[in-house]
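Work through the exercises below with the sequence and the coordinates at hand. Each task is followed by a solution in steps.

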Amino acid sequence: PVLRTPLMAGNWKMNLNHLEAIAHTQKLAFALTDKDYASVEVAILPPFTDLRSVQTLVDGDKMKIKYGAQDISAHDSGAYTGEISGPMLSKLKCTYVAIGHSERRQYHGETEEIVNAKVKAAFRNGVLPILCVGEGLDIRKAGEQVGYTLAQLDGALAGVEAKDAERIVVAYEPVWAIGTGEVATPEDAQEVCGAIRARLAELYDQELADSVRVLYGGSVKSSNAAGIMAKPDVDGALIGGAALDAEEFVKIVRYRD
Ligand code: PEP
């Protein structure tokens, strides 16, 4: 059996200014112990304006928490007003960047081509993508969640070589479960997470597929995390709302307890 270290990643979305981010990160730092870090990788994805503050805390406290951004430009520099580049994130020592979150696809017109270019920009700059995929309610009702989500995966990975793809994290986030309180059942999560792993084996090989972490995201809380994590192809969670409550986030990290 392949050992995949579970990843619990908190997506703060557009919440917490840099002062609030410092307070929140310190709460996590006080609560999390070496025992937690030994069995689970913990990451936070704050807004861009918080990243420098978070970096300073993490350096100073030798915290083992990792951090990353919620988006990245497809371009490395130039006349792209308002954008944040891969070299900038890399300079801030971001480990991860979320790419293709449904809110960006929905409200910011991110197409498959854009998501693919952003995945390449992240790898080019040594920042690891947490690639978000997942179907909306209409697709789920039609029973087409697997085909739809795999098409998003294919699009995002077009032209991405195995040496990069082996370091990606994929987050299956059914849109109807994000921020709605309506969590997918563990079986729903397993169905699509398992299909994602099988597709990675087709696109690359089984060894790569077995080493990539596939997360579930959508209304994960401490009360439902263990059930979802019990599924063989679910290797962690992307957590939105519940990541804004430090105690609750720590409980999710300790889903085994
Ligand atoms: C998310 O935004 O990635 C997410 C999963 O949000 P929530 O946990 O609030 O559903």
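**Exercise 1. Count the helices and strands of the protein chain, then check its overall dimensions.**

Step 1. The protein chain has 13 helices and 8 strands, where helices (H or I, at least four residues) and strands (E, at least two) are DSSP runs numbered from the N terminus. The model is predicted: local features need pLDDT of at least 70, side-chain atom pairs count only at pLDDT 80 or more, and totals for chains, interfaces and linings use all residues. Residues are numbered from 1 along each chain as its sequence is written.

Step 2. Along its principal axes, the C-alpha trace of the protein chain spans about 50 × 45 × 35 Å.

Step 3. A compact globule with 257 residues would have a radius of gyration near 18 Å, and the 17 Å of the protein chain agrees with this. The radius is taken over C-alpha atoms, and the globule rule is 2.2 Å times the number of residues to the power 0.38.

**Exercise 2. Describe how helix 8 packs against helix 10.**

Step 1. Two packed helices are described by the angle between their axes and the distance between the axes. Helix 8 (residues 145–157) and helix 10 (residues 186–203) pack at an angle of about 40°, with their axes 10 Å apart. That angle makes helix 8 oblique to helix 10. Axes are lines fitted to C-alpha atoms, for helices over the stretch in contact, with angles from 0 to 180 degrees between N-to-C directions. Angles under 35 degrees count as roughly parallel, over 145 as roughly antiparallel, 65 to 115 as roughly perpendicular and the rest as oblique.

Step 2. From helix 8, Gln145, Val146, Thr149, Leu150, Leu153 and Leu157 meet Glu191, Val192, Ala195, Ile196, Arg199 and Leu203 of helix 10; contact requires C-beta atoms, placed from the backbone, within 7 Å. By class, this contact of helix 8 with helix 10 has 8 nonpolar, 2 polar and 2 charged residues. Ala, Val, Leu, Ile, Met, Phe, Trp, Tyr, Cys and Pro count as nonpolar, Asp, Glu, Lys and Arg as charged, and the others, Gly among them, as polar.

**Exercise 3. Repeat the analysis for helix 6 and helix 8.**

Step 1. The axes of helix 6 (residues 112–124) and helix 8 come within 7 Å and cross at roughly 50°. Helix 6 and helix 8 are therefore oblique to each other, and the crossing is right-handed.

Step 2. Glu112, Val115, Asn116 and Val119 of helix 6 meet Gln152, Gly155 and Ala156 of helix 8. The contact of helix 6 with helix 8 has 3 nonpolar, 3 polar and 1 charged residues.

**Exercise 4. Which residues come nearest to the ligand?**

Step 1. Of the 14 residues around the ligand, Ile178, Gly179, Gly217, Gly240 and Gly241 come nearest; a residue is near if its C-beta atom, placed from the backbone, lies within 6 Å.

Step 2. The shell around the ligand divides into 5 nonpolar, 7 polar and 2 charged residues.

Terms used:
Two residues are in contact if their C-beta atoms, placed from the backbone, lie within 7 Å. A crossing is left-handed if the near helix is turned anticlockwise from the far one by less than a right angle, and right-handed if clockwise.
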